[in-house]
Amino acid sequence: SDRSQNQASSVQETSASIDEIASMIGQTADNAQTAKQRAQEARLAAEAGLTQIQQLTAILIAKNAAQTIAESLASVSFCADVIVLDSGSDDATVSIARAQGARVIETDWPGFGIQKQRAVSAVSTPWALSIDCDEVVSDALRLEILDVLDDPEFAVYRMPRLNHLHRRPVRCAGWYPDYVERLFRVDAAQFSAAPVHESLDYHGS
């Protein structure tokens, strides 16, 4: 039975082909799973604050903020760069900022608006996050910023600020949510030159 032998050979060849295809499918699935796992691991690392948002710089203006600036800087460690404009501190503000990896620029004091815009001018990333030296970015806000910058829809974003009085959060008397515009594209917005009560000026959304 030559015919039987031919059939057996055909069955073996077909079986071998099926095994090869199955192996290729398995490898493809493994590669896809590995890529998915790596993406998930990267995402979890970013969410845990272990990686930085490469398109974002945090900016702070400071003078004699040694008591609070360390916590503020720690809360923006997820940013690719951190800039502190110091206007003549005579406490440990500058040394604390440098010790935490911030880029410190020492300058005079022209007023809030101009000083903040000076900080913006030193930013080399597309996005900036402006916070005060007594403010802290919460974990929830960090995750929201991460999501927003993954696929930004607007050029400026505002956030609800929770003020504290004697270390207690104030959620009444119209103090919360105290919305402030702090996250923005540096090519789409700039601070006004007002010496106090500065604002972020921009056109469109």
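Figure 1. D81 is buried, with a relative accessible area of 17%. The cut-off for buried is under 20%, so D81 falls within that class. The residue is found in strand β2. This model is predicted. Which residues does D81 contact, once neighbours within four places in sequence are left aside? They are L56, T57, A58 and R103.

**Figure 2. The six-stranded sheet.** The sheet is open, and its strands follow the order β3-β2-β1-β4-β8-β5. Pairing is mixed. Strands of a sheet pair through backbone hydrogen bonds, either parallel or antiparallel. Which strands stand at the edges? They are β3 (103-106) and β5. Each has a single partner strand, so one of its sides has no neighbour in the sheet. On average, neighbouring strands are turned by 25 degrees against each other, direction ignored.

**Figure 3. Pairing of β2 with β3.** Strand β2 covers residues 79-86. Four bridges join β2 to β3, and the two strands run parallel. I83 stands opposite R103 of β3. R103 is also among the contacts of D81.

**Figure 4. Antiparallel pairing on both sides of β8.** β8 is placed between β4 and β5 in the strand order. How many bridges join β4 to β8? There are three, and these strands run antiparallel. W127 stands opposite R185 in β8. β5 and β8 also pair in the antiparallel sense, over six bridges. Here P160 stands opposite Y179 of β8.

**Figure 5. Helices α4 and α5 against the sheet.** α4 lies across β1 (53-62), β2, β4 (127-130) and β8. It runs at about 150 degrees to β1. α5 packs on the sheet too, touching β1, β4, β5 and β8. The direction of α5 makes about 130 degrees with that of β1.

**Figure 6. The buried residues of α4.** Which residues of α4 are buried? They are G113, Q115, K116, Q117, A119 and V120. An α-helix has 3.6 residues a turn, so residues three or four places apart point the same way. The buried residues of α4 pack against β1, β2, β4, β8 and β9 (189-191).

**Figure 7. The largest pocket.** Its volume is about 1,100 Å³. The lining has 31 residues, and those closest to the pocket centre are D134, E135, V136, L162 and H164. α2 (69-75), α5 (139-150), β5 (156-161) and β8 (178-185) each supply at least two lining residues. Which element gives the largest share? It is β5, with five residues. By class, the lining of the largest pocket divides into 14 nonpolar, seven polar and ten charged residues.

**Figure 8. The second largest pocket.** This pocket has a volume of about 220 Å³. Its lining consists of F112, K116, D132, R161, V180, E181, R182, F191, H197, E198, S199 and L200. α4 (112-121) and β8 are the elements that give two or more residues to this lining. β8 gives the most, with three.

Definitions and conventions: Residues are numbered from 1 along each chain as its sequence is written. This is a predicted model: local features need pLDDT of at least 70, side-chain atom pairs count only at pLDDT 80 or more; totals for chains, interfaces and linings use all residues. Side-chain values use heavy atoms; hydrogens and water are left out. On a 1 Å grid over the protein atoms alone, a cavity is a set of points where a 1.4 Å probe fits but cannot get out, and a pocket is an open set with protein on both sides within 12 Å along at least five of seven lines; lining residues have an atom within 4 Å of a point. Grid points are joined across faces, edges and corners, and a volume is the space filled by probe spheres set on the points. Ala, Val, Leu, Ile, Met, Phe, Trp, Tyr, Cys and Pro count as nonpolar, Asp, Glu, Lys and Arg as charged, and the others, Gly among them, as polar. Two strands pair if DSSP finds at least two bridges between them. Axes are lines fitted to C-alpha atoms, for helices over the stretch in contact, and angles run from 0 to 180 degrees between N-to-C directions. Contact means heavy atoms within 4.5 Å. Buried means under 20% relative accessible area, exposed over 50%, partly exposed in between (1.4 Å probe, protein chains only).
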